[in-house]
Amino acid sequence: MKPPIIRPVETHTCVSAPPTADEITAAILAYLDAHGYEAWRQPNRGEYDPTTGKWRPHPNARRGVPDIIGFRRRDATFIGVEVKAGSDRLRPEQTQFLDQLKAAGGLPFIAHSFEEFRTSFEHRRLHLPTTP
């Protein structure tokens with residue numbers, strides 16, 4: 001009787017894709033809502049015009065405004081979150097807006113992931129309820 005043939009077991013590495021900007025944005029919006037903020041996605045992307053076959057700037061967009069904007073419900077403090085995914089980098093007008101927001105007493109954030117945002121948010125102790 002021949003010994004059984006033993007073959008190596010094939011292993012598969014499960015590699016998940018990094019989150020998209022839309023996924024990061026959705027997670028941040030849900031987190032902010034749960035922590036007392038009124039926030040929304042700012043329509044910064046261009047609009048596709050099927051009649052010309054070209055992209056055009058959104059009619060209500062201002063250059064540099066973060067992807068997420070809003071305010072803290074208890075005191076109306078402005079928050080701005082610039083979401084960056086993949087190889088996306090800050091543009092000068094985005095940096096300028098975030099710098100102006102900080103100088104005015106607002107809460108600027110740059111988020112390459114939801115975890116990065118949450119860590120920064122909690123490091124600033126913004127997740128803690130305040131006493132009246």
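This note goes through a predicted model point by point, from the overall fold to single residues.

1. Basis. The model is predicted, so local features are taken at pLDDT of at least 70 and side-chain atom pairs only at pLDDT 80 or more, while totals for chains, interfaces and linings use all residues. Residues are numbered from 1 along each chain as its sequence is written, and side-chain values use heavy atoms, with hydrogens and water left out.

2. Overall fold. The protein chain has three helices and six strands. Helices (H or I, at least four residues) and strands (E, at least two) are DSSP runs, numbered from the N terminus. Along the sequence they follow the pattern α-β-β-β-β-β-α-β-α.

3. Burial and surface. Of the 132 residues in the protein chain, 30% count as buried. Here buried means under 20% relative accessible area, exposed means over 50%, and partly exposed lies in between (1.4 Å probe, protein chains only). The accessible surface of the protein chain is about 9,600 Å², and carbon and sulfur atoms account for 57% of that surface. Accessible areas come from the Shrake-Rupley method with a 1.4 Å probe; for residues, only the protein chains shown count as cover.

4. Contacts along the chain. A contact means heavy atoms within 4.5 Å. Among contacts in the protein chain between residues at least 6 apart in sequence, 54% join residues at least 24 apart.

5. Helix 2. This helix (residues 92-103) has twelve residues and spans 16 Å from its first C-alpha to its last, close to the 16 Å expected at 1.5 Å a residue. The expected span is 1.5 Å times one less than the number of residues. Its buried residues are Glu93, Gln94, Phe97, Leu98 and Leu101. Seen down the axis of helix 2, these buried residues fall within an arc of 135°, so they line one face of the helix. The arc is that of the directions from the helix axis to the C-beta atoms. The buried residues of helix 2 pack against strand 5 (78-83) and strand 6. Pro92, Lys102 and Ala103 are exposed on the other side of helix 2. Just after helix 2, Gly105 has a positive phi of about 90°.

6. Helix 3. Phe114, Phe117 and Phe121 are buried in helix 3. They cover an arc of only 65° around the axis, which puts them on the same side of helix 3. The cover over the buried residues of helix 3 includes helix 1 (21-34), strand 1 (37-41), strand 5 and strand 6. Thr119 and His123 are exposed on the face of helix 3 turned away from its buried side.

7. Aromatic residues. A search of the whole structure finds eight aromatic pairs. Rings of Phe, Tyr and Trp (its six-membered ring) pair if their centres lie within 6.5 Å; planes under 30 degrees apart count as stacked, over 60 as edge-to-face and the rest as tilted. One of the pairs is Phe109 with Phe121, which is tilted, at 6.0 Å centre to centre and 35° between the planes. This pair links distant parts of the chain, with Phe109 in strand 6 (residues 107-111) and Phe121 in helix 3 (residues 114-123), twelve residues apart. Both Phe109 and Phe121 are buried. Tyr31, Tyr37, Phe109, Phe114, Phe117 and Phe121 form one aromatic cluster.

8. A charge over a ring. Arg124 lies over the face of Phe109, at 3.9 Å from the ring centre. The criterion is that NZ of Lys or CZ of Arg is within 6 Å of the ring centre and within 35 degrees of the ring normal.

9. Asp67. This residue is in the loop between strand 3 (54-56) and strand 4 (68-72). At 19% relative accessibility, Asp67 counts as buried. Leaving aside neighbours within four places in sequence, Asp67 is in contact with Trp40, Arg41, Gln42, Asn44, Val81, Glu82 and Val83. The C-alpha atoms of Asp67 and Val81, 14 residues apart along the chain, are separated by 6.1 Å.

10. Most residues other than glycine have a negative phi. Ala76 has a positive phi near 65° and lies in the loop between strand 4 and strand 5. At 54% relative accessibility, Ala76 counts as exposed. Arg125, also not a glycine, has a positive phi of about 65° and lies in the segment after helix 3. Arg125 is exposed, with a relative accessible area of 57%.
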